[in-house]
Amino acid sequence: MAKINDKYDLSRIKYNYRSEMGRYEHHIYFCAGAGCISCGCADVARGVKESLDELGLNDKVKMIETGCIGLCSLGPVMLVMPERIFYVGLSPKNIGKVIKTHFVDGQIAKNYCYQDLKTKEYIPCIDDIPFYKDQVRIALQGCGTTEFDKIEAYIATGGYATLHKAITEMTPQEVIDEVKNSVLRGRGGGGFPTGVKWQAGHDAVADQKYIVCNADEGDPGAFMDRSIIEGTPHKLIEGIILGGYAIGATKGYVYIRAEYPIAVNRLSKAIDQARAMGLLDEPLFGTDFQFSLEIRIGAGAFVCGEETSLMESIEGHRGEPRQKPPLPFQAGLFGKPTIINNVETFANIPYIIKHGAEGYTRYGRVGAHGTKVFALAGDIVNAGIIEVPIGMPMRNIIENIGGGLIGGKEFKAAQVGGPSGGCITAADIDVPMDYSELIAKGAMMGSGGLIAMSTDTCMVDTARFFMDFVQDESCGKCVACRIGTKRMLEILQRITKGEGKKDDIDRLLELGAVVKDTAMCGLGQTAPNPILSTIRYFRDEYEAHIFDHRCPAGRCQALTVFEIDPQTCIGCTRCKKHCPTLAITGELKHAHVVDPALCIGCGACYSSCPVDAIHPTKREEN
Amino acid sequence: MSLSLENLTCNCDHGSTDEEKYALIGQMIDAYKDKEGSLIQVLHAAQEIYGYLPLELQKFIALRMNKPLSEVNGVVSFYSFFSTKERGEHTIHVCMGTACYVRGAQKLVEALEDKLGVAVGEVTPDKKFTLDVARCIGACGLAPAVMVDNDVHRQVQPSGIDAMLKQY
């Protein structure tokens with residue numbers, strides 16, 4: 001590969017790639033995000049190639065493998081350009097037909113387009129799909145529309161030109177000022193203003209400084225960073241180099257989870273490409289500035305997402321947090337000044353430098369400008385990755401973009417901010433998704449996991465789930481977190497078993513307050529949040545468990561038996577087949593009955609019933 | 001640098017005898033020696049080559065890297081990705097992230113335990129599978145998800161377990 005020395009080299013690559021692509025009438029953006037890969041998109045991609053060969057379309061149509069297009073629950077998906085027709089739910093069986101109908105017959109294969117579940121209408125054009133309509137893509141720009149494994153493709157979209165502009169025309173201070181004016185806040189959870197952090201890094205005096213990208217995305221229910229890395233690894237690299245230039249660091253690390261092998265692979269390939277083109281490890285664009293970037297792979301410890309633990313882990317030690325101060329910008333990695341930012345934060349930087357702070361502050365609201373990426377998951381129809389202006393009401397996200405809850409169920413609450421966050425209830429569904437507004441409601445923006453829960457979810461059990469997670473991931477260094485989370489988990493376990501004591505709620509509140517105040521790092525300080533927030537909004541559910549020995553949602557097995565409504569039951573025998581304890585009896589086409597003595601409350605019958613005849617009810621004590 | 005990543009993801013034969021594997025691990029350690037803070041990366045590669053990290057191997061790594069065994073063992077025991085017990089040919093990770101949990105991952109674990117006849121964390125008698133649970137693997141749109149080695153299986157139901165295992 002030829003080296004890039006100046007902006008003319010960048011223009012040349014851009015021109016060559018574009019004219020190469022311009023030879024084709026159509027382009028197929030084929031999603032090769034991790035979601036689609038696990039739905040077997042490789043077989044479908046092969047199907048596309050074979051169909052194009054068979055139909056002799058190779059001069060006319062070019063297939064490009066891209067990163068995540070966003071609608072993960074409908075994968076494998078592809079987008080046909082320039083018509084912007086979006087096909088979903090592809091399989092090796094139907095792909096041949098879709099290709100033929102679209103490219104040979106010149107018609108839209110409508111039945112394979114997105115279907116609106118409410119109106120039953122097919123929506124062929126991606127821009128008309130409610131999931132995409134209200135989105136603004138900055139951090140995700142290019143994700144799903146560029147070839148992730150070609151540096152040329154990134155350069156063709158204007159990539160690395162921003163880096164060139166910054167390094168040849170701007171001083172580090174000017175770069176920092178731009179970021180400061182954009183009011184970009186850290187997207188990893190803390191929400192600290194990035195420009196202020198960079199200023200501290202810039203002002204620190206040392207022979208060596210480091211810049212670190214935190215890609216240890218461990219919150220259950222969050223996969224934004226993964227999509228960015230897999231879809232546009234070069235944008236991340238450009239963002240990190242810009243950060244390095246701004247603070248005066250010549251070396252950077254990306255700390256990434258071992259659970260993301262595809263992301264590791266694509267990023268290391270991208271780093272190799274950037275190195276081969278002279279963008280890493282060599283003086284950049286004829287200036288004195290040079291930068292090197294290395295990947296460090298984690299080993300499955302949630303606490304390593306906490307910045308001081310992350311540095312310990314990069315140094316090859318147990319990932320236990322350090323006492324602060326000194327703060328990382330004073331003495332961080334290997335004792336040197338270090339600035340740590342999240343993947344999404346870095347992914348915003350090229351846009352901010354390219355369009356200036358004004359370009360960025362057009363979106364969002366005062367105090368929290370720009371956009372935020374969310375990972376939609378849980379009981380929601382359109383699970384996937386979205387990016388919206390900060391401040392968008394949650395209702396818009398759940399109902400329009402997310403398409404409501406699966407099976408038309410009623411929305412109960414959304415867990416925002418993962419195990420460090422809290423829940424937003426149906427009463428607060430109009431809350432603007434903004435740092436301060438969420439904190440006022442007892443949740444937090446966190447890294448952007450948004451898990452929608454229906455009325456089938458037990459909030460006590462949800463709190464227990466998060467506490468189980470945090471307790472397991474507690475590193476054990478400080479007493480508050482090590483023992484506090486254990487005790488809180490024990491209390492929750494006994495409540496969900498119907499063995500709660502009358503002052504358990506007060507005990508949880510007291511313990512929660514102590515752990516919050518005294519734990520050493522962010523993991524422990526935020527660990528009680530799910531409990532505190534569910535007690536705040538769903539105290540009645542806790543009380544039902546403790547005093548009535550009843551789980552209102554019918555989730556807690558020890559407290560629940562199921563019963564069948566004989567009027568509604570159609571006698572299809574499905575529940576009988578699914579019951580693991582043979583507690584259900586009944587003949588075909590006759591109402592079935594559950595024997596409460598045998599029922600273990602697992603809910604297998606409940607989820608198998610086609611007519612909703614089965615309902616949880618309180619287990620009577622003997 | 002590229003050495004570690006290739007070793008992490010490749011499926012090539014790393015030699016069959018223990019001596020060959022130790023020799024390979026030794027070579028790799030030498031390549032890393034002068035890099036700051038490379039212990040975790042070395043352990044990753046060693047586990048890829050040897051399959052797991054028994055005490056003997058930890059001693060070997062400690063000696064070769066000129067570190068106390070306590071430090072190596074401390075790191076190995078801290079991170080859930082490292083295993084000191086022999087693992088099956090394939091590792092099944094049932095995702096227990098929030099989204100998967102909400103959509104029935106616990107039942108899936110129980111069904112797999114039944115099917116394989118082992119508890120979570122154990123190896124089947126034929127050494128084919130290790131059953132494990134994972135923290136969120138980031139495939140929440142596909143919940144409940146199961147990861148077998150590096151393949152993610154989407155929306156797995158207890159009834160679909162046989163079809164999934166048959167592929168291995």
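Begin with the charged side chains of chain A, where the mean positions of the 67 positive and 76 negative charges lie 1 Å apart; Lys and Arg count as positive and Asp and Glu as negative, leaving out His and the chain ends, and each charge is placed at NZ of Lys, CZ of Arg, CG of Asp or CD of Glu. The structure is a predicted model, in which local features need pLDDT of at least 70 and side-chain atom pairs count only at pLDDT 80 or more, while totals for chains, interfaces and linings use all residues. Residues are numbered from 1 along each chain as its sequence is written, chains are lettered from A and ligands numbered from 1 in the order in which they are written, and side-chain values use heavy atoms, without hydrogens and water.

**The whole of chain A**

Along the principal axes, the C-alpha atoms of chain A fill a box of roughly 80 × 65 × 40 Å. Of the 622 residues in this chain, 61% count as buried, where buried means under 20% relative accessible area, exposed means over 50%, and partly exposed lies in between, using a 1.4 Å probe and protein chains only. Among contacts (heavy atoms within 4.5 Å) between residues at least 6 apart in sequence, 70% join residues at least 24 apart.

**Colour by domain**

Next, colour chain A by its domain assignment, whose bounds come from an automatic or database source: domain 1 (17-133), domain 2 (152-360), domain 3 (365-454), domain 4 (459-547) and domain 5 (557-618). If you then look from domain 1 of chain A to domain 5 of chain A, their centres, taken over C-alpha atoms, are separated by 42 Å.

**Two cis bonds**

Move to Pro76(A), in the loop between strand E2 (61-66) and strand E3 (78-81) of chain A, where the peptide bond from Gly75(A) is cis, with omega near -10°. Continue to Pro82(A), in the loop between E3 and strand E4 (85-87) of chain A, where the peptide bond from Met81(A) is cis with omega near 0°.

**A covered helix**

Which residues of helix H13(A) are buried? Select residues 307-314 of chain A, and you will find that seven of the eight residues of H13(A) are buried, namely Thr308(A), Ser309(A), Leu310(A), Met311(A), Glu312(A), Ser313(A) and Ile314(A). Their cover includes strands E7 (210-215), E8 (251-256), E9 (292-297) and E10 (338-342) of chain A, together with helix H3 (39-50) of chain B. Just after H13(A), Gly316(A) takes a positive phi of about 95°.

**Glu473(A) and its contacts**

Glu473(A) belongs to helix H17 (residues 459-473) of chain A and is buried, with a relative accessible area of 12%. Leaving aside residues up to four places away in sequence, Glu473(A) touches Ala301(A), Phe302(A), Val303(A), Leu523(A) and Arg135(B).

**Two positive phi values**

Val183(A), in the loop between helix H8 (172-181) and helix H9 (194-203) of chain A, has a positive phi of about 55° although it is not a glycine, and Val183(A) is partly exposed at 31% relative accessible area. Finish in chain B at Gln155(B), in the loop between strand E4 (151-153) and helix H8 (161-166) of that chain; its phi is near 40°, a positive value in a residue other than glycine, and Gln155(B) is partly exposed, with a relative accessible area of 34%.

Technical notes
Helices (H or I, at least four residues) and strands (E, at least two) are DSSP runs, numbered from the N terminus.
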